[in-house]
Amino acid sequence: MSDYVLEIKNLIKDFPGVRAVNDVSFDIKRNTIHCLVGENGAGKTTLIKILTGAYMRTSGTILLNGDKYEAHNTKDARQKGVSTLFQELNIVDQLTVEENLTLGSEDTFMGFLKKTDKIKKIISTLNSLEPSINPKQLVSSLSVAKKQIVEIAKAVATESDIIIMDEPTAAISESEIERLFKIIRGLREKNVTVIYISHRLDEIFEIGDYVTVMRDGKHIETKPISEVKDRLELIKMMIGKTIFEKYIPKESQTGQVLLEVKNITTDKLKDISFEVKRGEVVGFYGLVGAGKTELARAIFGADPYKGEIVFKGRKLSNSPDKAIEAGIALVPEERRSQGLFTVLTIRNNIPVMNMKKISRSGFINSTKEKRVAADYIEKLRIVTNTMEKQASKLSGGNQQKVVFAKCLFADTDLLILDEPTRGIDVGAKSEIYNIIRQLSGEGKSILIFSSELTEIVNICDRIFLMYDGDMKAEMQNSDDINSEEIIHIATGGVVECKTV
Amino acid sequence: MQNGINGNVGINNRTLTGGKISNESFITLCMLGVLIVLFGLACLFVPNFYYLQNIINLITNSWFIIVLGIGVTFLLVTGNFDMSVGGIIAMSGVISVYFSQTAGTSRSVLDNGLGLPYGVAIALALIAALIIGAINAFFVTKLKVASIIVTLGTMSVARGIAQVLTTGSQRNVNMPDVFGVFGNITVISSIKLAVFIMVALVIAAIIVEKNTIFGRRTYLIGANSQAARLSGVKVERHVTILYLVSSLLAGLVGILLASEYISGNSNRGMGLEFDALVLVLLGGTSIAGGFGSVSGSVIGALILSVVTSSATGLLLRPEWQYLLKGAIVFIAIMAQRFALDRRKI
């Protein structure tokens, strides 16, 4: 057997308009913990999805134990030896641990379940990994970390060669992380290779043997962790010499304060306070799970919070309709489930946040409605042949433009954008950036919550860095902003400069 | 499907608005077609079916189910069921009788009421109906219980109240003279007042549905209630209003039917909640919400009416009528799916 459990050669994956994985080649050594790092959009997720069978590659070869490997779905991948620990665990809360472990691989005799060696083996594996889990226990009574361990046990017992772990520590506590790491380290002895994906760079140094860095769909480097000097070197590899579209510094903002956020606290957020002036574009950067969406939703009044939000000098009550009335609009994170009325037409989608403007004493003026729709279709260059098209039939970028049109038509002074360009192509992206700049020129304030650094650095005047529900630092944007430091702080590094 | 990749910017408004009708109108037209075909078939096979009087009867006999259908349609467009309407009919009818029956004149329990004026009795009957609607709304919007469970519960509660007040039977004596007036008064050549009330309600409902912010918000909630909330729609308040309206309409139907038959029968309206749901579905309203129309529901009601009345005309035994109704429902709903799938915008 070769030294390498997995060999990836010239792997390419194209999506319409984007090459998500661009000629990637690297090998993964047997029985090691191999970390995969890169910014959002670097191509990690796509690569993993090819390995687990969620996507088909465009071209390239993958060798597993020297044999050609191709998976058609997660089950197929598992049978071939590649198991995955997804962030959304593949586990049924209502069943016991034992039932979960054997789910899908039960042996039956005339329809009745049989207790076989296979089950005994899985249970003894679980026992050796974590003796405190009782197989008869209901899974719903386990912590997230223990649920992960149950899944790991299943993967080990079915003799997986590789277990892929996608951000396994995102949802678990410090002490549980320690226990999980102990188990992950132990997997090496059980003849299992781990592909470990995390944004938390310290973890990479703590448990990794090797690290592969990806950037813009390309493979940048693969080397032993011991040869990586420090976080900074890793960060440099991750962001490279990316030339940001140049940020144009604005006249220093001396306008009046529009929004004051005072001591906002929720389950996730820890005592967050800041101010925003009129015409300012303020960015909030942080990893997935840093609390960006929670903060955006709290300001908009979509979720309850403790603390106070003052807008235009008045205390804001905690509900979206009051926020819109006061002059705040939100472009939510998930456009299909939270922003768009997919079964309705474009015409019906656009005016929903400001129906008063197209109606008189409760009656809708359809001439006005059509004019508004035509207006925004043209203004935002929404590509469609008719305004009567169902929103679900538009492309992602055009759907996002419809959501934008909705919020622009609300004619608010403050626009909150949560991941405004996620999943849309480059062209639509730069159009959306132009809209944002234009709005700020009109004196509107904009809050951008994003996990894409380029986005934040390109258009924001001021940047807040969030980590784990906490506001870690505040920076004034300039054309020589230190993006390495931003990543350093946003990945949990110690703040050395101006803190909030 | 094929729209230019390179921006169709500057397209004029005429092309943008297009000449096509909405999917809702399309389905309504389809069901109108189904109605005409069924009516034609009935005319061929059922003697005297095409008589003008019979056609008028088809419409006038459906007045109560159409009135129920209005509330149920609006709720189903938001993605919520109302199965309590049949029970409310019995309850409000019985209450209007019980409260207006003279007090203490007879030894039989069912002959004694509270002796209130008729006006007060119907007001209280409507309030009772509203309370059922409020319970529906509270459980659905505040406690987030599935609407079908809640309203099946209140269906039994309402009917239970009717049963208790009538000891499982009916009250039909000692009412004031005015009691039988509203349900039997005719306006133009033997057409009852209730039918005109139905027509007025349908017209009002169609205007609200198509031309008002309230109507539009109903669709928004059904299409995506999370997005509706984030777009400033007060979802809970809206659904509450719809439940109140639906139960109020059912209460009104109950009072009118009690007046028509001059009795409060605890079994009245049994199964009507299912008929109301069926006609709303026949009219093209989607169980998933966000899609449907009152005019569709009216056509759905007429389809049901044609089917039941031709079944009677063919002298089918009642048990066979159910099968026929079931078959028609299947055919109609398949036709709808088929038509919508063929249609592309």
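With 345 residues, what radius of gyration would a compact globule have, and what does chain B have? A compact globule of 345 residues would have a radius of gyration near 20 Å, and chain B has 22 Å, which agrees. The model is predicted. Chain A is divided into domain 1 (4–239) and domain 2 (257–490). Chain A also touches chain B, with 35 residues of chain A in contact with 31 residues of chain B.

**Chain B**

- Chain B has 15 helices and two strands.
- The C-alpha trace of chain B spans about 85 × 55 × 35 Å along its principal axes.
- Buried residues make up 48% of the 345 in chain B.
- Take the contacts in chain B with a separation of 6 or more: 78% of them join residues 24 or more positions apart.
- B:Ile59 and B:Ala301 are 242 residues apart in sequence, yet their C-alpha atoms are 8.7 Å apart in space.
- B:Ile59 sits in helix α3 (residues 52–60) of chain B.
- B:Ile59 counts as partly exposed because it has 17 C-beta neighbours inside 10 Å.

**Where chain A meets chain B**

- The contact takes 35 residues of chain A and 31 residues of chain B.
- On the chain A side, the elements that give two or more residues are α10 (320–326), α11 (335–339), β20 (363–364) and α13 (366–379) of chain A.
- Helix α13(A) gives the most to this side, with four residues.
- By class, the side of chain A that touches chain B has 18 nonpolar, 10 polar and seven charged residues.

**The two domains of chain A**

- The C-alpha centres of domain 1 and domain 2 of chain A lie 35 Å apart.
- Their contact takes 13 residues from domain 1 of chain A and 11 residues from domain 2 of chain A.
- On the domain 1 side, α8(A) gives the largest share, six residues.
- By class, that side of domain 1 of chain A has six nonpolar, four polar and three charged residues.

**The open sheet of chain A**

- Four strands of chain A form an open sheet in the order β2-β1-β4-β5, with antiparallel pairing.
- β2 (18–29) and β5 (67–68) of chain A each have a single partner strand, so one side of each is left without a neighbour in the sheet.
- Strand β4 (residues 59–64) of chain A pairs with β5(A) over two bridges, in the antiparallel sense.
- A:Leu63 has A:Lys68 in β5(A) as its bridge partner.
- Helix α1 (residues 44–52) of chain A packs on the sheet and touches β1 (4–15) and β2 of chain A.
- The direction of α1(A) makes about 65 degrees with that of β2(A).

**Strand β3 of chain A**

- Strand β3 (residues 33–37) of chain A is mostly covered, with five of its five residues buried.
- In a regular strand the side chains alternate between the two faces of the sheet.
- One side of β3(A) carries A:Ile33, A:Cys35 and A:Val37, the other A:His34 and A:Leu36, and all are buried.
- β3(A) and β10(A) run parallel and are joined by four bridges.
- A:Ile33 stands opposite A:Val194 in β10(A).
- Four bridges also join β3(A) to strand β11 (residues 210–215) of chain A, again parallel.
- A:Cys35 has A:Val211 as its bridge partner in β11(A).

**Helix α17 of chain A**

- The buried residues of helix α17 (residues 483–490) of chain A are A:Ile486, A:Ile487, A:His488, A:Ile489 and A:Ala490.
- Their cover includes α8 (231–239), β15 (281–285), α16 (453–459), β23 (462–467) and β24 (470–476) of chain A.
- Just after α17(A), A:Gly492 takes a positive phi of about 100 degrees.

- Most residues other than glycine have a negative phi.
- A:Asn191 has a positive phi, near 65 degrees.
- A:Asn191 lies in the loop between α6 (174–187) and β10 (193–197) of chain A.
- A:Asn191 counts as partly exposed because it has 13 C-beta neighbours inside 10 Å.
- A:Arg381 also has a positive phi, near 50 degrees.
- A:Arg381 lies in the loop between α13 and α14 (396–409) of chain A.
- A:Arg381 is partly exposed, with 17 other C-beta atoms within 10 Å.

Notes:
Residues numbered from 1 in each chain as written. Chains lettered and ligands numbered in written order. Predicted model: local features only at pLDDT ≥ 70, side-chain atom pairs only at ≥ 80, totals over all residues. Pairing = 2+ DSSP bridges. Contact = placed C-beta atoms within 7 Å. Axes fitted to C-alpha atoms, helices over the stretch in contact; angles between N-to-C directions. Nonpolar A, V, L, I, M, F, W, Y, C, P; charged D, E, K, R; others polar. Buried ≥ 20, exposed ≤ 12 C-beta atoms within 10 Å, placed from the backbone. Domains from an automatic or database assignment. Rg over C-alpha atoms; globule rule 2.2 N^0.38 Å.
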